[in-house]
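Please examine the sequence and the three-dimensional structure shown here.

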Amino acid sequence: QVQLVQSGGGLVHTGGSLSLSCAASGSIRRINHWRWYRQAPGKQRDLVATILSGGSTNYADSVKGRFTISRDDAMHTVDLHMNSLKPEDSAVYYCNALIQAGDITQPYDYWGQGTQVTVSS
């Protein structure tokens with residue numbers, strides 16, 4: 001059984017910085033890609049950032065130049081470093097990973113529990 005556990009989040013002022021982390025545990029053969037999503041109240045869940053197994057990254061236009069996604073395959077973790085935060089960044093942030101677990105070849109999509117990020121104006 002694979003589980004994703006998130007840490008970080010909190011309250012910051014406009015222009016501040018915050019870092020989120022997500023750790024995968026259990027029987028893991030391979031983590032293909034990591035993604036960060038966010039969901040504001042009454043809004044859809046949007047993709048924020050992706051990092052592939054080879055290290056390539058992609059960001060939503062709204063966070064380009066401000067957010068950085070990174071992964072540590074030895075620790076089975078992914079981080080999201082957020083700079084120059086704006087009130088519109090306020091949301092619940094979720095980590096997501098496509099993971100091959102145990103002796104099963106087919107990968108499965110796993111989700112963290114979410115963490116609140118609030119940016120005050």
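The paragraphs below treat a sheet, a hairpin and several single residues in turn.

This is a predicted model, in which local features need pLDDT of at least 70 and side-chain atom pairs count only at pLDDT 80 or more, while totals for chains, interfaces and linings use all residues. Residues are numbered from 1 along each chain as its sequence is written, and side-chain values use heavy atoms, with hydrogens and water left out.

Helices (H or I, at least four residues) and strands (E, at least two) are DSSP runs numbered from the N terminus, and two strands pair if DSSP finds at least two bridges between them. An open sheet is formed by 4 strands in the order E1-E3-E8-E7, with antiparallel pairing. Strand E1 (3-8) and E7 stand at the edges with a single partner strand each, so one side of each is left without a neighbour in the sheet. From one strand to the next the twist averages 15 degrees, where axes are lines fitted to C-alpha atoms, for helices over the stretch in contact, and angles run from 0 to 180 degrees between N-to-C directions.

Strand E7 (residues 67-72) has a covered face of Phe67, Ile69 and Arg71, and an uncovered face of Thr68, Ser70 and Asp72.

E7 and E8 form a hairpin with 4 residues between them. In that loop lies His76, whose phi is near 55 degrees, a positive value in a residue other than glycine. His76 counts as partly exposed because its relative accessibility is 26%; buried means under 20% relative accessible area, exposed over 50% and partly exposed in between (1.4 Å probe, protein chains only).

Attention now turns to another strand. Gln39 belongs to strand E4 (residues 28-39) and is partly exposed, at 27% relative accessible area. Leaving aside neighbours within four places in sequence, Gln39 is in contact (heavy atoms within 4.5 Å) with Gln44, Arg45, Ala91, Val92 and Tyr94. Gln39 and Tyr94 are 55 residues apart in sequence, yet 8.2 Å apart in space, C-alpha to C-alpha. A polar atom of the Gln39 side chain lies 3.1 Å from the backbone oxygen of Lys43.

Key:
A polar contact is a pair of N or O atoms within 3.5 Å; within protein, one must be able to donate a hydrogen and the other to accept it, and residues adjacent in sequence count only if both atoms are side-chain atoms.
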